[in-house]
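Student: Before we discuss how the helices pack and where the pockets lie, could we have the sequence and the model in view?

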Amino acid sequence: MTDQTKIALVTGASRGLGFHLAEALAPHYHIVAVAKTTGALEELDDRIKAKGGQATLAPMDVTNVDAMAHLCRSNYERWGHLDLWAHTAVYAQLLSPADHMDPKDFDRTMNTNVVATGKLIPMVAPLLNMGEAQSDVLFFDDAHAGEKFYGAYGASKAAQIAMAKSWHQETKDSTKAPRIHVLTPAPMPTATRARFYPGEAKDGLAHPKDEAARLLELAGIL
């Protein structure tokens, strides 16, 4: 028998879109917030508590397979299910020509955006299938695949989104499997974008809080 509390896992919850998705979901879900930055998670926890919600903070790196496996097992032992997974954890390699990509940055980009996602899906999927209501998974497509200077990041996000779309095709006709949503955020003044466009004027960029609300409405979640 599963706990009836609705549980949302947000990977990459310490800033940007992930932070604001977690905050927006908090009145309706217990938030399991995963990120490497403890201080930012504590700030998120304060925001969630101010709304009357609750969070479990998991200061860990999504590329740490053992840590993420332990988190999933702990989730199963405590609640028995997940109702939503918002996967926003990402690493952004600096833009560069394809023949100047830094090898260490390239490895980190692929490990975070592709390898970790490929290992997390089989860990998280069983939990999403255990709730009494159909669950949801959110992926975010800003790949810029094939654009100049986006070789590493574009390739990594294109691969991640390809996995998400395959998962969607495999499960879309099932009433028990999670609904897989691939959403496209508007450009936002996030740390990722600042890494791509240092010094860019923020006028005209969407606020992550507004985008979180728009995307959750678009997915039919809130």
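The dialogue below takes up helix packing and then the pockets.

Tutor: This is a predicted model, in which local features need pLDDT of at least 70, side-chain atom pairs count only at pLDDT 80 or more, and totals for chains, interfaces and linings use all residues. Residues are numbered from 1 along each chain as its sequence is written, and side-chain values use heavy atoms, with hydrogens and water left out.

Student: At what angle do helix α1 and helix α2 pack?

Tutor: Helices here are DSSP runs (H or I, at least four residues; strands are E, at least two), numbered from the N terminus, and axes are lines fitted to C-alpha atoms, for helices over the stretch in contact, with angles running from 0 to 180 degrees between N-to-C directions. Helix α1 spans residues 16-25 and helix α2 residues 38-50, and their axes lie 9 Å apart, at an angle of about 25°. That makes α1, relative to α2, roughly parallel (angles under 35 degrees; over 145 is roughly antiparallel, 65 to 115 roughly perpendicular and the rest oblique).

Student: Which residues of α2 does α1 meet?

Tutor: Contact means heavy atoms within 4.5 Å. From α1 come Phe 19, His 20, Ala 22 and Glu 23, and their partners in α2 are Ala 40, Glu 43, Leu 44, Arg 47 and Ile 48.

Student: How are α1 and α7 oriented to each other?

Tutor: The axes of α1 and helix α7 (residues 208-218) come within 8 Å and cross at roughly 60°. The two helices α1 and α7 are therefore oblique to each other.

Student: How many nonpolar residues does the contact of α1 with α7 have?

Tutor: On the α1 side are Gly 16, Leu 17, His 20, Leu 21, Ala 24 and Leu 25, which meet Pro 208, Lys 209, Glu 211, Ala 212, Leu 215 and Leu 216 in α7. Ala, Val, Leu, Ile, Met, Phe, Trp, Tyr, Cys and Pro count as nonpolar, Asp, Glu, Lys and Arg as charged, and the others, Gly among them, as polar. By class, the contact of α1 with α7 has two charged, two polar and eight nonpolar residues.

Student: How many charged residues are in the contact of α4 with α5?

Tutor: The axes of α4 and α5 come within 8 Å and cross at roughly 15°. That makes α4 roughly parallel to α5. Residues in α4 including Phe 106, Met 110 and Ile 121 meet residues in α5, among them Tyr 153, Met 163 and Trp 167. The contact of α4 with α5 divides into 12 nonpolar, six polar and no charged residues.

Student: Which element gives the largest share of the lining of the largest pocket?

Tutor: A pocket is, on a 1 Å grid over the protein atoms alone, an open set of points where a 1.4 Å probe fits, with protein on both sides within 12 Å along at least five of seven lines, and lining residues have an atom within 4 Å of a point. The largest pocket is lined by 41 residues, with Arg 15, Thr 88, Ala 89, Val 90 and Thr 192 nearest its centre. The largest share of its lining, five residues, comes from α6.

Student: Which element gives the largest share of the lining of the second largest pocket?

Tutor: Ala 69, Cys 72, Arg 73, Tyr 76, Met 123, Pro 126, Leu 127 and Met 130 line the second largest pocket. These residues divide into seven nonpolar, no polar and one charged. The largest share of this lining, four residues, comes from α3.
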